Amino acid sequence: MLAYLIRRLLYAVPILIGVNVITFALFFVVNTPDDMARMQLGVKHVTPEAIEKWKAERGYDKPLFWNAAASGAGKLTETIFFEKSLKMFALDFGRADDGRDIAREIRQRMGPSLAVAVPVFVLGLFAAISFALLLVYFRATYLDFAGVVLCVAMMSVSSLFYIIGGQWLVAKVWHLVPISGYGEGLSAAKFIVLPVVISVLAGLGASARWYRTIFLEEITRDYVRTARAKGLSERLVLFRHVLRNALIPILTGAVVLIPSLFMGSLLIEAFFGIPGLGSYTIEAINAQDFAVVRAMVFIGSALYILGLLLTDISYTIADPRIRLQ
Amino acid sequence: MTLLTVRDLTVEIGAARPVEGVSFEIAAGETFALVGESGCGKTLTALALLRLLPEAARIESGSIRFAGEELLALSEAEMRKRRGGQLGMIFQEPATSLNPVMTIGAQIAEALALHGGGASEAKAVDLLSAVGIPDPARRAREYPFQLSGGMKQRAMIAMALAGAPQLLIADEPTTALDVTIQAQVLELLARLQEARGMAMLLITHDLGIVAQQAQRVGVMYAGQLVELAPRTAFFSAPSHPYARRLFAALPAAGRRGRLQTLPGSVPSPAQRPDGCRFASRCDVALPVCAHEPPPWREIAPGQQVRCHLEEPRKVGAGGTAQSGAAVPEPPPATALLAVRDLAVHFPIRRGLLQRPVGWVRAVDGIDLELPAGRTLALVGESGCGKTTAGRAILGLQAATRGERLWQGEALKGLAPQRMQMVFQDPFGSLNPRLRVGAIVKEGNPTADVGALLAAVGLEPEMAKRYPHEFSGGQRQRIAIARALAVDPQLLICDEPTSALDVSVQAQILNLLVELQEERGLAYLFITHNLAVVEHLAHQVAVMYLGRIVEQGSVDEVMRTPQHPYTQALLAAVPRIDTSGKADRERLLVPGDPPSPAQPPPGCHFHPRCPRAAARCRAAYPEAVQLSATHGVRCFFPG
Amino acid sequence: MKFVLLWSDFLFFLLVAGGVIFGLWARRVEHQRAAWRKVGQSRVGMAAATVLVLFLAVALLDSVHYRERLPGEGEHYAVEVRSVLDALLTPLRTRPEKTYSAPLATHSFAKENIAGEGRDFPRLKFGGAHLGEALSRHGADIALRCAQGLGLGAVAGLALWLAGLPLRRRAPHLAWDAVFVTLGVFCLIAGPLAMLAQGYHVLGTDKVGQDVLYLTLKSIRTGLLIGTLTTLIMLPAAIFLGILAGYAGGWIDDVIQYLYTTLNSIPGVLLIAAAVLMMQVMIDTHPQWFSTSAERADARLLALCAILGLTSWTGLCRLLRGETLKLRELEYVQAARALGVSSGRILTRHILPNVMHLVIIAIVMDFSGLVLAEAVLSYVGIGVDPNTISFGTMINTARMELAREPMVWWSLTAAFVFMFVLVLAANLFADVVRDAFDPRLAR
């Protein structure tokens, strides 16, 4: 078991290196730092001096892989690849264009992101599973049919409309909560209610329908027939047998997302003005702040890989067939 | 006293009626067997008794009276009290019929809570020990995947017993089990029934099991019962033409040569004829049979037949098969195929670096020799390595060591085209996207498809159709035609008939015998079915846990088996003797076959062997040559 | 006039041609025909397909591009690239107002200082201009045009129904009812729209006075292109690598698995964001590559498809790998190996045809997700070129309008309705296709 986990952990290393190489290639090889500088400075200000200054400010003036001018180990370390890519493994992300330390910014913004993302994750999972169970309990009736139609309709609405419509209706027409913003401590509650509800609703259709298929597949299994032959009621069959088996793929499938909750949601945070990592990313994209985007790609990948690891662990916990073998 | 009375039960799925007008009775304490081939409606009948039909199916009409009350009139809540209480059921597939994430004990406790006067761990453990599970307290805390197939079925039985049922419905309870385990489970069922005075509805396709277990028999065909009889009357004089043909189609000892077969196949529930459903396949059909459903006719006390013939059993002698014509002995030749010390080991990888920490010795050094035009049967139970051996001989599976000689020349990698394989699953062995013509031409684009299809008993026009339009037996014929297209000398047949019904199995076996006579084919016939072995093999090799424990001519191995495992295997097969008496004195091998990853030291069979002595635990016995052809690996043969 | 073939047009036509060829092939292949027949027998499937075909027709009309010849001597062509759809919608395109106006309005949405009359809602230049001073006839005129439109629509619907009779006779088992009911509803909606659009801005105008109906119709091409071209781009890689990994096993499998796990582990939006940013730098620093702004926007659209394809092939690849692993062990593949059939032939004859249903399901299932993704990405600013008309850019420009007092609701509503209908039809169609091709998942 421990050996297995260590092996999985070791497997994560080449993947992270791969991610690093891809981002490096994307940011420094597809376009040269000169290209980036030209674009950032705008047509009017492009002079060779301005470009050099822009590069020097950001440390992009070094060679990509091999610094012949430096001495000793500096030949390798005083390069863009080392400074900008390898240092990320040490969680050193450098500075954003506005001069702030990215790592510090990330630490500060994690809280608001989690304040929204965690309730969305938990409530969303609960709502979708409950709704799917309801449909399965009434399977092959009109209620089930109507529920599936509702799910498909909900899936067909862009999340943008959920946000815009929800903001307009709840905040603007009904004045129940502030349209956007964020507060410290408990005062944050009134700001996060609406984004949470909207996120849960926006994801409900697709996941409820997916879980319903899982439940229905499980319900055709032989052991369900055995349970019925014991004389168990349909409700007990559903909760004690079907749910327990279906939860294994559902929960382990959800576990992979848990670490990524730190990243927050781009859209929700941008719309509701929540100062989390999602809005940080969006701002960076809009401001074309390459350093921040690079850092977020790296962190996002690392968290996803962590999620894969957690998935493996959760499988071994949830499924006795794997736990005991 | 009658416990269960079923009258005119009809089950509908859409417009089709897979069960129609079925009536029978079961007395308290009695075993009633419902026999029939796949799709005849026997399982649906059983599920209907519990009102557990699949969602698409419903009971159209009929009456089910159990212990004096009408089950079809009960509310669902009332019915639930009967289910698992007075009526217990066990299913065919123990591997999938238990909840994989619940412990055995919890699953039994659940049934106890409903019907057994409260759940308690002690009671669950008692039940487990009652069904003969060793160390029941530990097993109760284990999950289904930790139990062997036989133990899972025992646990299922324990669960069914939790409500102390008056009637136990057993739906093919041993079909998924190996023959030695089947013998154990059947023995257990008989013992429990006797001790508890339960009645039992036994559903099976195996006439041997019926002969051994049942007091009364009902034969089903295409959704209807066609014969009801006490066991002795049924086995001494089966009366419905279908029942008689079934007996004739059984391969058995002393019945070499062609088997009598049933032509055609069972009509599907969607398109059933107006008259007798068997008429189109019946060799004694009268003109009236085609359009008028036959009436029930009582021909002997307790024996009823649904047939137009006045005295059905007098017309047409049952055994007109060209029996006795033993397969002609071809002149001895040099070995077409020889296998020396062939082994296939699969690594078990563990730990940080995935180093192999052990080996699954699926095949662990076997020697075989097969002359041209002869049949060598490789016999063994599931997991003994016989299929892996077949694949390794063909080169589909890399061998760990050993050599394969084809006409004296060593083979490397894939065997030459003249060695071909016929697979077990008739549904997996044909690409559903290709027409039959293209499938047959697969290995030889210039093959004459029409002639090949004709050679395997199909119409040449069928080349234009797709596999899904064919039945299992026809698919197997197509697979054989595909192999014949490259004019092979040796066919490795991997359980080619085990997925087929008895009547279809006879057709395929006959076809194989014919092809051998016409084309001088040699067969390596891999099977678990000893009856088939007796029917068509010249030589037999018995495998246990990766090694061949006994090898010899068919007469030597089947008549005078020397290895205790061979003897147990032969004894475990339920047999029908002419008097129909059950043969209860059987040699039961205890326990389960060990895992090939950790074979027991010394002789692999010693933990289950009645003759085991100290030296058996110490070393694997060398082969003892009893005759020129008969060898056995046992310290105490005999 | 000079025809212009944008790269996206070329690929789109290629795709349609490919679809037609596939259809002809599928007609001849039994199992394909059987599955598509099931789709054809489903009412929901046929109705959804009809809606999709209508959208496709709009997109195709919008994909035939040309540059108009300028008056005067010599070969001079307008810089602007137009499409056949633009030509058909000339009245909508060429009659911009100054700024916002509500649907069917005759006056502007905002008050303005009008010379000599103080602050008031000015008359629109085009909306309701034919009424002249007789503004009291506004309601009656709308009603009349609606009635005319309904009449025309009914006639057109009836004509379509009659024209469809031979089809019904040739294939009586298909759900033609659903097709003609859908077409009828479409005619009854399109008729009044067409009549009204000749005199009014049916769905109002946006901030710079462009007709919203025109914008929504133009958005369709972008949505369809992204939904289909992305899949087309990623398909070869997904199929090739997935089947190769599953069949070859060993180190090839390891490498391919590593590749898709790595790509998959980068959060999709961020990878797209990074790639789009880089691509934007590339496009901006090489203006000489593009002769017209349409070409530049087109390049960005294609690049977006490519990037979306890059991030979305992993799912299908993994699915195909798993299926191939299963198929590889199937007995007919083993039998083919025993018969000495080469690996290449096994892959094309035995593996590929038996995973095609997964590919088809993936194509139809991915479509709706991609249309939705376009809107979100364009909204975030990493989607299509801001000058390309799309649902995303429409929503992006309209998002602040809900905050206005009184509210400007029509742009968003129009985008919402069109997008919802398109995505819903795609989702329903995908469901039917999946059920027809994969009975295991049919629920």
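The C-alpha centres of domain 1 and domain 2 of chain B lie 29 Å apart. Domain 1 covers 2-214 and domain 2 covers 242-314, with bounds from an automatic or database domain assignment. This is a predicted model: local features need pLDDT of at least 70, side-chain atom pairs count only at pLDDT 80 or more, and totals for chains, interfaces and linings use all residues. Residues are numbered from 1 along each chain as its sequence is written, chains are lettered from A and ligands numbered from 1 in the order in which they are written, and side-chain values use heavy atoms, with hydrogens and water left out.

**Domain interface in chain B**

- Domain 1 of chain B gives 8 residues to the contact and domain 2 of chain B gives 9 residues; contact means heavy atoms within 4.5 Å.
- The two domains of chain B bury about 720 Å² between them, 52% of it on carbon and sulfur atoms. Buried area is the accessible area (1.4 Å probe) that two parts lose on being put together, summed over both.
- Across this interface the rule finds 1 salt bridge, a salt bridge being a side-chain nitrogen of Lys or Arg within 4 Å of a carboxyl oxygen of Asp or Glu.
- On the domain 1 side that touches domain 2 of chain B, S2(B) gives the most, with 5 residues.

**Salt bridges in chain B**

- B:Arg277 pairs with B:Glu20 in a salt bridge, with the closest N and O atoms 2.6 Å apart.
- B:Arg17 and B:Glu60 form a salt bridge at 3.5 Å, N to O. B:Arg17 sits in strand S2 (residues 16-27) and B:Glu60 in strand S4 (residues 57-66) of chain B, 43 residues apart. Strands (E, at least two) and helices (H or I, at least four residues) are DSSP runs, numbered from the N terminus.
- A network of salt bridges links B:Glu12, B:Arg17, B:Glu20, B:Arg58, B:Glu60 and B:Arg277.

**Salt bridges in chain A**

- A:Arg212 forms a salt bridge with A:Asp144, the closest N and O atoms being 3.0 Å apart. A:Arg212 is in helix H9 (residues 189-219) and A:Asp144 in helix H7 (residues 142-155) of chain A, so the pair ties together parts 68 residues apart in sequence.
- A:Arg212 is buried at 9% relative accessibility, and A:Asp144 is buried at 6%. Buried means under 20% relative accessible area, exposed over 50%, partly exposed in between (1.4 Å probe, protein chains only).
- A:Asp98 and A:Arg100 meet in a salt bridge at 3.7 Å, N to O. A:Asp98 is exposed at 53%, while A:Arg100 is partly exposed at 49%.

**Overall count**

- The rule gives 57 salt bridges over all chains.
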